[in-house]
Amino acid sequence: MLAMDQGVVEEWLSEFKTLPDSAVSNYAASLKDKGSLVPALYKVIRENYSDLLEPVCHQLFEFYRSGEPQLQRFTLQFLPELLWSLLSVSAARDPHTSGCIEALLLGIYNLEIVDKDGQSKVLSFTVPSLSKPSVYHEPSAIGSIALTEGALANHGLSRVVYSGPHLQRETFTAQNRFEVLTFLLLCYNAALSYMTSTSLQSLCQLSSRVCICGYPRQQMRRYKGISTRLTVTSEFLVQLITGIHYALCNGEVELGSKALDDVLYRAQLELLPEALLVGNAIKSSLHGAALKSNNKEGARSIQVEITPTSSRISRNAVTSLSIRGHRWKRHESQEVSVDNEAAMGGVAIPEISVTGVGGERMPNGDSLRPRPDGRAQPDCDALGAASEVSLDPRGHDSGTRGQEVRRQKSVRRMVENEGSGSASTGRSQY
């Protein structure tokens, strides 16, 4: 460690001790302007045998215990590096060099599991419903959901999952180590939008190292650190994936992609279903997406699919609204037809032209054949066919239909009588 970095850390350690309580907020806001402080603290944490490690851990715990949100977030940004220091030392079976780091992590854990009154916290999480959009899915992208009785009964209901109360821990053991570390990662992920790019890079490196150490992929990554396999849990990997997802969408595309692949690699080897489910879901959602690789200092976000403003329903789709509209149009056309027929005396009279010549086609489609006297005679077959034209049963009753049939028969008899009379007159003259 360089003397300049050591001087920056020592100055930071001394100024907070003499700070009055009224100036804590202003001091917390000024920490982000100290550009050389954060890299120097990272160097101290990575050197397990540094003399400044213990006072630095003590100061970070004082920051967190103060209750000032900005000071707490300042401490949380170093959490991935602190976790890796603890795990690497535990794998090397040299616990004496990690005592101050263990105390810091246990102190943060014990502060987070209780509220201001000292009562145990019970955290609640709402599981998103598939029928409503959330950060993780869009109902339109899933497709149609069967409307079963169970689906309708659960529609609109939210499932809430509870975590806690958690027990206080005084030391790390093989049984509770990852329980504590998983909860600490949960607290870290709750403040992801405030984390710096350096902290996100540290999280991705932690994920890769934990998952590949002791496995063949370690040679592919050319990591020359510890070669001992680290035990992990599915819940711990899920929390890592949550942070990696955020890092992927906020500038750390290369490191985030490698970390996600390494976590999925370890989850496949260990057959951890929860980590496989979440990891593959995030990988599928980011497939082909244009991730922000250059904007590291812009607005923090996670990319999700947004429902388009235009309707996805085709204009020709058969819906309940289109069925009702079709019924209204048909009803209106029937009313217009009935009104027209009422204006004509309640019946529809076919159009018959008597001025045509032999072989002509009448306006209603019937044909005219020549008579002996040179005049055209309507085709009786055509009139018979016209008499058999059925009327709309919805516009007339049975009595009206009978009257129309009788009228058509009388017209046909008159035409036939006229034709026979003309023929007899012609023969007598001849």
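In this predicted model, the lining of the second largest pocket comprises 6 nonpolar, 4 polar and 3 charged residues. The pocket has a volume of about 480 Å³, and of the 13 residues that line it, Lys32, Phe74, Gln77, Tyr194 and Thr196 lie nearest its centre. Helix H5, which spans residues 69-76, gives the most to this lining, contributing 3 residues.

Valine 160 belongs to strand S2, residues 159-163, and it counts as partly exposed because its relative accessibility is 36%.

Turning to charged pairs, the whole structure holds 10 salt bridges, and several of them involve helix H14, among them the one between arginine 217 and aspartate 262, with an N to O distance of 3.1 Å. This pair links distant parts of the chain, 45 residues apart, with arginine 217 in helix H12 (residues 217-221) and aspartate 262 in helix H14 (residues 253-270); both residues are buried.

Aspartate 261 forms a salt bridge with lysine 283, their closest N and O atoms lying 3.3 Å apart. Because aspartate 261 lies in helix H14 and lysine 283 in helix H15 (residues 273-285), the pair ties together parts that are 22 residues apart in sequence. Aspartate 261 is partly exposed at 30% relative accessibility, as is lysine 283 at 42%.

Within helix H14, arginine 266 and glutamate 270 are 4 residues apart and therefore separated by about one helical turn, and their side chains meet in a salt bridge of 3.2 Å, N to O. Arginine 266 counts as buried at 2% relative accessibility, whereas glutamate 270 is partly exposed at 34%.

Terms used. Residues numbered from 1 in each chain as written. Predicted model: local features only at pLDDT ≥ 70, side-chain atom pairs only at ≥ 80, totals over all residues. Heavy atoms only, no water. 1 Å grid on protein atoms, 1.4 Å probe; cavity = no way out; pocket = protein on both sides within 12 Å on 5 of 7 lines; lining within 4 Å. Points joined across faces, edges and corners; volume = space filled by probe spheres on them. Helix = DSSP H or I, 4+ residues; strand = E, 2+ residues; numbered from the N terminus. Nonpolar A, V, L, I, M, F, W, Y, C, P; charged D, E, K, R; others polar. Buried < 20%, exposed > 50% of the residue type's maximum accessible area, 1.4 Å probe, protein only. Salt bridge = Lys/Arg side-chain N within 4 Å of Asp/Glu carboxyl O.
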